[in-house]
Amino acid sequence: MSAPAADIIDLLAGIGPADPLAAVRDQRAQARANAQRSFEALLEPTAPGTFPLAERYAVALFVARLHGFDAAEAFYGDLLGDEAPELEAVVADAATVAAATGPFGGYREPNLRGESAEGLRWSPDTATAQALGERLSAAFAHTHLLVFRPREARAEALQALVDAGWSADDIVSLSQLVAFLTFELRVAWGLRVLAAASAGATAVASTPAAVSAAVTEGA
Amino acid sequence: MTEIVTSYPELARPEEFTQQGLGWVPWLLPVAEEDLTDLQRDALIEPARTKMPYFRLLARDPEALRARTLTDLDIFYNVSGGIGRAERELAAAATSRHNGCVFCASVHAASATRESGREADIQRLLDEGTDADLGDETWNAVVAASVALADTPLAFGAADIARLRAAGLDDAEIVDVIGGAAFFNWANRLMLSLGEPEVPGRRVTR
């Protein structure tokens, strides 16, 4: 598929060119343009190399679903559907089982251990790992770590990626992808909530109808 | 042959959140300074960053690094309109405190102190956590919004916007808070997962 021309954050936030928040975003035009370039670099790279688009979209859909953001689930689901439709249901099922509440996790710093908090530490079960394959299975376990308990990340987690065939370059790109998405989804969500608050007390942050309309327009 | 992943059994690690400067060591090999391509040097944006292992590690994906850095610089340093520098740094520090990034919190707590002169208030955020009363409602609202925005699944809502507005923020200022807080969800995850902080000057061995 060709790279989407639309600004992805506007699309996910449901902001049109004439909306007041579009003008507010223009005050940070460099940030806006480079959030879009980050999307392009990580999700529509001209040379994906040894980290193929199907893997990038599978990770993106997993991240979107863990965040519970309908518009992003629809958008990244479409991207994955174009590239590797057989993975869509696998990712959706994995995200359902992997649902957790973050940030949580244990602190390594001795004086912070009183703040350590427990939660679901997920990794793919045998059937999911088989459906995802070794590389993507390791990437999903790492993605779950980064999304929900980044404070528990250790060198051993990178070794698990290396053992599953990930190169150092691709580990950096995977880390950027997941980390960038946690930014992109929050900016879009925050703008959506702000727009709804401006539109009036009856507006809801994310209605299914608005979501599917926005995705249809932008796809 | 060189191992791909480096670990540091004897590192002098911080014991808590601090405004003191910390170092950071990478778990993957950064691109060596002399091996940086023109594209990678360009992606670093600031020449001084060729000395910093974190940025030379991110240079393994130069397009992503370049876009990340230009996003960062505009959100935090473009002072035409919007909220003040101190409040942007506060949003970064509060997000880092909530996610548990001791390194990021040290850098941006110190920046918030420098921009505001309110070292004791910032230290209270680090010592007591994001529920600490920082002495005025604007700062408390910025911290609360940053914390709400960091939670997964996404739960930041109308009440967070209402509190920011009640504290006197307009839409451009709120967009800056959202941008600064959201950006540190990106930054925290990179700094926490590609290496770790160290207390400089008393490293034991490598």
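## Legends to the close-up views

**View 1. Pro103(A) lies in the loop between helix 6 (88–97) and helix 7 (126–132) of chain A.** Helices here are DSSP runs of H or I with at least four residues, strands are runs of E with at least two, and both are numbered from the N terminus. The peptide bond that leads from Gly102(A) into Pro103(A) is cis, with omega near 0 degrees. The model is a predicted one, in which local features need pLDDT of at least 70 and side-chain atom pairs count only at pLDDT 80 or more, while totals for chains, interfaces and linings use all residues. Residues are numbered from 1 along each chain as its sequence is written, and chains are lettered from A and ligands numbered from 1 in the order in which they are written.

**View 2. Chain A has 11 helices and zero strands.** Of its 219 residues, 51% are buried, a residue being called buried if 20 or more other C-beta atoms lie within 10 Å of its own, exposed if 12 or fewer do, and partly exposed in between, with C-beta atoms placed from the backbone. Two residues are said to be in contact if these C-beta atoms lie within 7 Å. Among the contacts in chain A between residues at least 6 apart in sequence, 68% join residues at least 24 apart.

**View 3. Ala60(A) and Phe62(A) touch the most other members of the largest nonpolar core, which has 133 residues.** A nonpolar core is a set of buried Ala, Val, Leu, Ile, Met, Phe, Trp, Tyr and Cys residues joined through C-beta atoms within 7 Å. Helix 10 (residues 168–199) of chain A provides the largest share of this core, 19 residues. When its neighbours within four places in sequence are left aside, Phe62(A) is in contact with Val91(A), Ala94(A), Ala95(A), Phe140(A) and Thr143(A).

**View 4. Helix 4 (residues 53–67) and helix 10 of chain A pack at an angle of about 40 degrees, with their axes 10 Å apart.** The axes are lines fitted to C-alpha atoms over the stretch in contact, and angles between N-to-C directions run from 0 to 180 degrees. On the side of helix 4 of chain A, the residues that meet helix 10 of chain A are Arg56(A), Val59(A), Ala60(A), Val63(A), Ala64(A) and His67(A), and their partners in helix 10 are Leu174(A), Leu177(A), Val178(A), Leu181(A) and Leu185(A). The residues of this contact divide into nine nonpolar, one polar and one charged, where Ala, Val, Leu, Ile, Met, Phe, Trp, Tyr, Cys and Pro count as nonpolar, Asp, Glu, Lys and Arg as charged, and the others, Gly among them, as polar.

**View 5. The buried residues of helix 6 of chain A are Val90(A), Val91(A), Ala94(A) and Ala95(A).** Seen down the axis of helix 6 of chain A, these residues fall within an arc of 130 degrees, so they line one face of the helix; the arc is that of the directions from the helix axis to the C-beta atoms. They pack against helix 4, helix 5 (70–83), helix 7 and helix 8 of chain A. The face of helix 6 of chain A turned away from this buried side carries the exposed residues Ala89(A), Thr96(A) and Val97(A).

**View 6. The contact between the chains takes 61 residues from chain A and 57 residues from chain B.** Helix 10 of chain A gives the most to the side of chain A that touches chain B, with 23 residues. The residues of that side of chain A divide into 37 nonpolar, 16 polar and eight charged.

**View 7. In helix 8 (158–166) of chain B, Asp160(B), Ile161(B) and Leu164(B) are buried.** These residues cover an arc of only 100 degrees around the axis, which puts them on the same side of helix 8 of chain B. The buried residues of helix 8 of chain B pack against helix 10 of chain A together with helix 7 and helix 9 (171–193) of chain B. Just after helix 8 of chain B, Gly168(B) takes a positive phi of about 105 degrees.

**View 8. Ile45(B) has a positive phi of about 70 degrees although it is not a glycine.** Most residues other than glycine have a negative phi, and most peptide bonds are trans. Ile45(B) is found in the loop between helix 1 (38–44) and helix 2 (53–58) of chain B, and Ile45(B) is partly exposed, with 16 other C-beta atoms within 10 Å.
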